[in-house]
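Welcome, and thanks for taking a look at this model. Please have the sequence and the structure open side by side as you read the briefing below.

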Amino acid sequence: MNKDNSMIKIDIVKLLLWLSIFLITIFTLSALLIIPSVNKLKVANEVLSSSNSKFQQNKAKNESIERQLNDYLSENKTNLAKIHNEFDIEKFKNHCKTFFDEVNLDKNLDFSEDYVSYQLSVSTKITSPTIFYDFIDSLDNFPNILRVHFPIVLKSDKNLIKAQFNIQVYKR
């Protein structure tokens, strides 16, 4: 039998040199492949953190706006329900007659799509204008959104007070 002499001929220095060259080459190639991926990962993480920050800011703004909207809806629940009601002129005249003796309601020609404007002329036999202020307070309970506009003209004629003013009826 032949004896294996291959181990004797091995030069350890050459082997370590080739092994170190191989390992350096492998590490260099892996570093060249990993470093761009690490840089891309860093950029992706920066973009992600920036996006998360903007998302949180927008979420906070959205929640704030939603709270304001809910507060507005709860505060103006009756007005939002009133805006869908049709305006009944006769019902309004009857409401006015509970406060005033003579009621004239004329539609103004200059109105927008958001509201209809009426000229209301009333007269009543009173000694003080408190009935007029009671009438204005009663408009809150009327089934439509009404707004009294200036100028409000109150004229005294003996024992009769005549008032003339504009009322806007808001509609949807």
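Strand β4 is mostly covered, with eight of its 11 residues buried; buried means under 20% relative accessible area, exposed means over 50%, and partly exposed lies in between (1.4 Å probe, protein chains only). Helices (H or I, at least four residues) and strands (E, at least two) are DSSP runs, numbered from the N terminus. This is a predicted model, in which local features need pLDDT of at least 70 and side-chain atom pairs count only at pLDDT 80 or more, while totals for chains, interfaces and linings use all residues. Residues are numbered from 1 along each chain as its sequence is written, and side-chain values use heavy atoms, with hydrogens and water left out.

**Overall layout and confidence**

- The protein chain has four helices and four strands, arranged along the sequence as α-α-α-β-β-α-β-β.
- Of its 172 residues, 21% count as buried.
- The mean pLDDT of the protein chain is 80, and 82% of its residues reach 70 or more; pLDDT is the predictor's confidence in each residue, from 0 to 100.

**The largest nonpolar core**

- This core has 15 residues, of which F92, F135, L146 and I167 touch the most other members. A nonpolar core is a set of buried Ala, Val, Leu, Ile, Met, Phe, Trp, Tyr and Cys residues joined through side-chain atoms within 4.5 Å.
- At least two residues of this core come from each of α3 (89–97), β1 (102–107), α4 (130–138) and β4 (160–170).
- The most is given by β4, with four residues.
- As general background, nonpolar side chains tend to be buried together in soluble globular proteins.

**The β3–β4 hairpin**

- Strand β3 (residues 145–157) runs antiparallel to β4, and 10 bridges join the two; strands pair if DSSP finds at least two bridges between them.
- The two strands form a hairpin with two residues between them, and K158 in the turn has a positive phi of about 55°.
- D157 stands opposite L160 in β4, and L146 stands opposite V169 in β4.
- L146 is found in β3 and counts as buried because its relative accessibility is 14%.
- The C-alpha atoms of L146 and Q168 are separated by 5.6 Å, although the two residues are 22 apart along the chain.

**Two contrasting residues**

- Is A163 buried or exposed? A163 lies in strand β4 and is buried, with a relative accessible area of 7%.
- A163 and F100 are 63 residues apart along the chain, and their C-alpha atoms are separated by 9.7 Å.
- Y133 sits in helix α4 and counts as partly exposed because its relative accessibility is 46%.
- Y133 and F99 are 34 residues apart in sequence and 10.0 Å apart in space, C-alpha to C-alpha.

**A nonpolar surface patch**

- I10, I12, L15, L16, L19, F22, L23, I26 and F27 form a nonpolar patch on the surface, with about 880 Å² of accessible area together. Of these, L15 has its place in helix α1.
- Patches are made of residues with over 30% relative accessible area and no salt bridge, where like charges are joined within 9 Å and nonpolar side chains (Val, Leu, Ile, Met, Phe, Trp, Tyr) within 5 Å.
- Accessible areas come from the Shrake-Rupley method with a 1.4 Å probe, and for residues only the protein chains shown count as cover. A salt bridge is a side-chain nitrogen of Lys or Arg within 4 Å of a carboxyl oxygen of Asp or Glu.
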